[in-house]
Each structure stands twice: as structure tokens, then as C-alpha cells.
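These are my notebook entries on one chain, written as I looked things up. I began with contacts between side chains and then turned to the open space.

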Amino acid sequence: MDKQFYIKRIYEECAEDDGYRVLVDRLWPRGVSKKEAWLDDWLKEIAPSTELRKWFDHDHDKFKEFQNRYKEELTQKEKVVDHLLNVAK
């Protein structure tokens, strides 16, 4: 049985039931030490590209198109995506 993916902000406290913790972001978050983060992996390679993030600019009207463009970017990162999917099994 495959496991679920849950989204949690890095600034939230870790919990015992968090499971395998992965940071998907190109930049390390400010004010969080690597020890405090309790991460199992940092997959910056599959975070949205800088260009895509800048284009989106947290504009909710662009979210659907952002999703489509991000999914397209992920098709170019098959090895890293496969790694994450294998961890979930």
C-alpha cells in the first residue's frame, strides 16, 4: 500500500507521525536550522523553478496555470520524482 503525502510548513513543529520529512524548496528557509528541521531529505531539484515562482508571484488568479506549468517542469525531473515516489512505497 502506498503512503500518503502531506503538506506541512517547515515552520510548524515536527510531530512523531510526520513520517519521512522532505523539504521541497530551492532555498533553505530563514530562521530554521537543519537540526531543528528534522528532515530526511531536501529535494530542491523538484521545487518550482525560479522563473515559475517569479511569474506566479502568489497571484491566486494564476494558480491553475501555475499548477499546469509546474507539472510540466516535473516531467523533466523524472529521476528525482521517482526517488520520492519510491520512498512513499
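Entry 1. I took a polar contact to be a pair of N or O atoms within 3.5 Å, where within protein one must be able to donate a hydrogen and the other to accept it, and where residues adjacent in sequence count only if both atoms are side-chain atoms. By that rule the side chains of D41 and Y20 make a polar contact at 3.3 Å. I was working on a predicted model, in which local features need pLDDT of at least 70, side-chain atom pairs count only at pLDDT 80 or more, and totals for chains, interfaces and linings use all residues. Residues are numbered from 1 along each chain as its sequence is written, and side-chain values use heavy atoms, with hydrogens and water left out.

Entry 2. I looked up the fold and found four helices and two strands, in the order β-α-β-α-α-α from the N terminus on; these are DSSP runs numbered from the N terminus, helices being H or I of at least four residues and strands E of at least two.

Entry 3. I went back to D41, which lies in strand β2 (residues 41-42). D41 is buried yet has no salt bridge, and K44, the nearest side chain of opposite charge, is 10 Å away. Here buried means under 20% relative accessible area, exposed over 50% and partly exposed in between, with a 1.4 Å probe and protein chains only; Lys and Arg count as positive and Asp and Glu as negative, while His and the chain ends are not counted.

Entry 4. I then listed the salt bridges (a side-chain nitrogen of Lys or Arg within 4 Å of a carboxyl oxygen of Asp or Glu), and the structure holds three. D18 pairs with K8 at 3.0 Å, N to O, and R21 pairs with D18 at 2.7 Å, so that K8, D18 and R21 are linked in a network. R21 counts as buried at 12% relative accessibility, whereas D18 is partly exposed at 22%. E65 and R69 form a salt bridge with closest N and O atoms 3.0 Å apart, and both lie in helix α3, four residues apart, about one turn of the helix.

Entry 5. The lining of the largest pocket has 39 residues, and α4 gives the most, with five.

Technical notes
On a 1 Å grid over the protein atoms alone, a cavity is a set of points where a 1.4 Å probe fits but cannot get out, and a pocket is an open set with protein on both sides within 12 Å along at least five of seven lines; lining residues have an atom within 4 Å of a point.
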